Protein chains: 2
Amino acid sequence: MTRDETRARDAADPLAEFRKGFVIADPELTYLDGNSLGRLPAAASLRVREVVDAEWGEGLISSWNAGWMDLPARIAGKTAGLLGAAPEEVALADSTSVNLFKLALAALRAAPPDRADLVTDDLNFPSDHYILRSALDLAGRGGELKTVRSPDGISVPIETLAAAIDARTALVSLSHTAFKSAYVYDMAAVNEIAHRRAVKVLWDLSHSAGALPVDLDGSGADLAVGCTYKYLNGGPGAPAFLYVRSELQEQFENPIRGWFGHADPFAFDLGYQPGAGIGRFLTGTPPILSVAAIEPGVDLLLEAGMDRVREKSVAQTEYLIRLWQQDLQPLGFRLNSPREAERRGSHVSLAHPEGYRINRALIEQLRVIPDFRLPDNIRFGVCPLYTTFEEIHRAAEACRRVVTERLYERYSPERQGVT
Amino acid sequence: MTRDETRARDAADPLAEFRKGFVIADPELTYLDGNSLGRLPAAASLRVREVVDAEWGEGLISSWNAGWMDLPARIAGKTAGLLGAAPEEVALADSTSVNLFKLALAALRAAPPDRADLVTDDLNFPSDHYILRSALDLAGRGGELKTVRSPDGISVPIETLAAAIDARTALVSLSHTAFKSAYVYDMAAVNEIAHRRAVKVLWDLSHSAGALPVDLDGSGADLAVGCTYKYLNGGPGAPAFLYVRSELQEQFENPIRGWFGHADPFAFDLGYQPGAGIGRFLTGTPPILSVAAIEPGVDLLLEAGMDRVREKSVAQTEYLIRLWQQDLQPLGFRLNSPREAERRGSHVSLAHPEGYRINRALIEQLRVIPDFRLPDNIRFGVCPLYTTFEEIHRAAEACRRVVTERLYERYSPERQGVT
C-alpha cells in the first residue's frame, strides 16, 4: 500500500468511528506506544471532571454511598467481559505488582506442603520476577524461582515449559503475552499441562487485556492479574485487575487483609472476616480518580468487540511485518516477534544494533512514538481502536529514513529516561 | 458566641483566606467530615484537568519523562514538610494498608530472632489490626498481636502501653491520633519507651497529617504511614505516604519488591537491585491522576503553616466542647474525646445512645455532615483551612434540635451505607 492507499484503507475500516472516541491532539504524531500508555478516551476526560468537580467537590463524603463504593466492582465486572470471565471473578485494586504478589503468595501458601517452587520464563516482566521472588521468600518453604529460558528470546516451546513443571512445582506464573516479543502462550494448553500435574497457573494479562480475546473461564484458568493503562486505555498508573476463578475464591486467603476485603468494613470490628467472593482480595481504599478514568476505555472495547479488535490488530501487525520485510530487513532490522499471527499479540518488535538511538531519532526528529526495550528492541504497539494503517506506514517509512539518512547518529548511546 | 458573633470571629480569622482555596459549592452545607474526606482544593480541580487533558491526552507517554516519574517523590517531599521529616524520608505510594503491611513486615523480619510480638491498642483502626495480623502471619515467627485495652475507650495511659512492651516485642504500631476519640499519643515519649527496650515504633498518621504538627525526626520516630485523603485534602482514596527514618532505610527490606523500587527500573534486569534510600519501598506504577490531586492540598497547608492550623484547630474544638457542655451534655451527649487540648486531635467525638439515628437526621434533615462510628459515636472533624466557627455553631445547634425535636425518630436504627 502507498500512503494514499493506507488512507483509503483507514476510511473503509469498520472500526474507524472509534478513533473519534479518543483525544487525538496532534494528527501528525504517530503514536504506536498504546501498549505502554493507551490514549485518552474523550469520555474519560469528562468523567474525571465529573468525579472531581461534582462528586468530590459537591457530593463530598456522600459520594461514597452514592457510587464510589461500588465503582471498582462495576468497572471490574465490565473488564471481565473482555477477559472471558464472570463479573464476580474480577476485582479492580492496587497495582499489577501488588495484585501479583497477593495472588502468587496466596497460591503458594495454598499448595500442598511438598510443593514449593514457582515456574516462570525469561520472557516475563522483570518486575514479575521480583514480585514472584518476594512471594517465594514469604511463603517460607524454601521454594525456588525456576526460569525457563527462551531459546530465541521470542518464544518458549510449550514442551520446554512442560518439562520444567515437576512434583516440586507449586505454581506456574507467566505473561500471557510477552512484553518484549509479543509472543502469546496458548493459555488453554498451558493450563491443561499444569493441571495435569495438579499445579495452578497465574497469568499476567498486562499485554493481553484489550489487545486480543482472552478466555479465562473457557481455558480453565485459575488466577490472573493485569494492567489497565495499556490496551484498556485507563490512564497513567491506573489500578490493576485481578481474577480468581469462582471455585478457588474460598480456597485462597488474601495475604494483605485490609478493610476493603472485610465482609463489613464499616462494622469496624477488630477481628477480620473475609468478604464473600472476589471482594476478599481487596485491601485498602481505592484511588477513585484513577479508578473512574478506566471505565470509558473499557466501554469502548466492549462496544467494538474483541473479535473485531483482534481482526484489525492482526491485519495491522501483519502489514507492519510486510513493510519490515520489504524495507527494513535489508537495513539491519530483525523481527523480534513471532511471525505467525496466532502466537503474536498486538505489538511488533524490531531489533537493531542501533535500536536505542534509532528510537530516539524516531521520537525526536520524525514524531513517531514507539518505545525501546533493552538491549536493542523497538516496540511498535497497535491499538486498533485508534491506530491507523497510515500511522503504520509512516512508522516504517520513518525507520527507513532514520537508518538510510543516519539520523540516529546525533544521539549518544547512553540511555536516558523511560523510553 | 451567638451565631452573629461566630461570623465576626470568622471574619477576623487570620486563616480565613484559605477557605477561598477550596470549592465550597453550597455554603449552607455544614461539612464537618474533612477527617474522612477532605474538601476539594480549587487548584486540584485545575491540576487534574491539566494532567488528564494536557499530560495524558497530548503528552502521552512522554509525560513520564516530563514529570510523572518524579511526581510522587516531589509531593512526598512536600508532605515531609508537614511531618517534621526530611524530603528523602517520605514516599508516596499504594494505600495506607499496603504501606503499613510493607513496613510492619519489614520491621518484624528485621527484629532480633527472639522478638516476634507486635503491640498495638484497641483505639487503632480495625483495618490496621487486620494488616498487622497479616504481617505477623507472614513473618513466620509465631508472633502475637498484643492489644492494649483503653480503660475508657478514649485514651491509653502511657504506663499501660509501656507495661505491654517486653522482651518478646518486635514492634509497636499505633495510630498517633485515634480515629474514634481523637486521642493523641505523645510520640516522643512512646518512641523513647520503646527504644529503651530496643523496640521500633510504626506510627499511623492518618488522623494527624495535616491536622496537627508532627515531628517525626525530632521525636526519634522510626517508621510511619498515613493517609492523604483526610486532612491533606488529597481526594477520594488518594495514595498514601510512608516514612522510614534515614538511618533505617538500608536496614529494612521491602517485602513487595516491584519495579518502581528497583535501582534502575528501565534496565529491565531479571535480578532485583533495591533503589537507594526511600525509593526502595515503592512497588508498582503509581496512579498518576490520584497522585497529582494530592499536591494542591499539601501546598495550602505548607503555606498556612501547621502551627497556625493547630492554633485554630484547638480554638475550634474547644469551642465545640464548650457548646457541648452548655447545650448537649444535658441531652445525653457524652464527650468521647480527651478534654485536654494537648492530647486531642482535630475532631471531637460525641457519643449518644441514639447516635446512629441522630447522625442520619443531622445529615438528611439539617444538612450538617459529621460521620458515625459504631457503636454510638458521632465525629465532628475540624479542618481549619476551611471550617468556620459558624459551622461549629450550626452543628451544635443542629444536635440540640435533633434531640429536643426528636427528629431522629423517623429513622430505623439499622445501619446503611458508609456513614
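Trainee: At what angle do helix α1 and helix α14 of chain A pack, and how far apart are their axes?
Mentor: This is a predicted model. In it, α1 covers residues 3-11 of chain A and α14 covers residues 389-404. Their axes lie 7 Å apart, and the packing angle is about 155°.

Trainee: Is α1(A) roughly parallel or roughly antiparallel to α14(A)?
Mentor: Angles over 145 degrees count as roughly antiparallel. The angle here is about 155°. Therefore α1(A) and α14(A) are roughly antiparallel.

Trainee: How many charged residues does the contact of α1(A) with α14(A) have?
Mentor: From α1(A) come A:Arg3, A:Thr6, A:Arg7, A:Arg9 and A:Asp10. From α14(A) come A:Phe389, A:Glu390, A:His393 and A:Arg394. By class, one is nonpolar, two are polar and the charged ones number six.

Trainee: What span should helix α5 of chain A have, and how far apart are its end C-alpha atoms?
Mentor: Helix α5 has 13 residues, 71-83. At 1.5 Å a residue, they should span 18 Å. That agrees with the distance between the end C-alpha atoms, 19 Å.

Trainee: Which elements do the buried residues of α5(A) pack against?
Mentor: The buried residues include A:Leu71, A:Ile75, A:Thr79 and A:Leu83. The buried residues of α5(A) meet both strands and helices of chain A. Those partners are β2, β8, α3, α10, α11 and α12.

Trainee: Which residue just after α5(A) takes a positive phi?
Mentor: Look just past the end of α5(A). The phi there is about 65°, and the residue is A:Gly84.

Trainee: What kind of axis relates chain A and chain B?
Mentor: A rotation of 180° superposes chain A on chain B, with 0.0 Å of shift along the axis. The RMSD is 0.0 Å. The two copies are therefore related as by a two-fold rotation axis.

Methods. Residues numbered from 1 in each chain as written. Chains lettered and ligands numbered in written order. Predicted model: local features only at pLDDT ≥ 70, side-chain atom pairs only at ≥ 80, totals over all residues. Heavy atoms only, no water. Helix = DSSP H or I, 4+ residues; strand = E, 2+ residues; numbered from the N terminus. Expected span 1.5 Å × (residues − 1). Buried < 20%, exposed > 50% of the residue type's maximum accessible area, 1.4 Å probe, protein only. Contact = heavy atoms within 4.5 Å. Least-squares fit on C-alpha atoms with pLDDT ≥ 70 in both. Axes fitted to C-alpha atoms, helices over the stretch in contact; angles between N-to-C directions. Parallel < 35°, antiparallel > 145°, perpendicular 65-115°, else oblique. Nonpolar A, V, L, I, M, F, W, Y, C, P; charged D, E, K, R; others polar.
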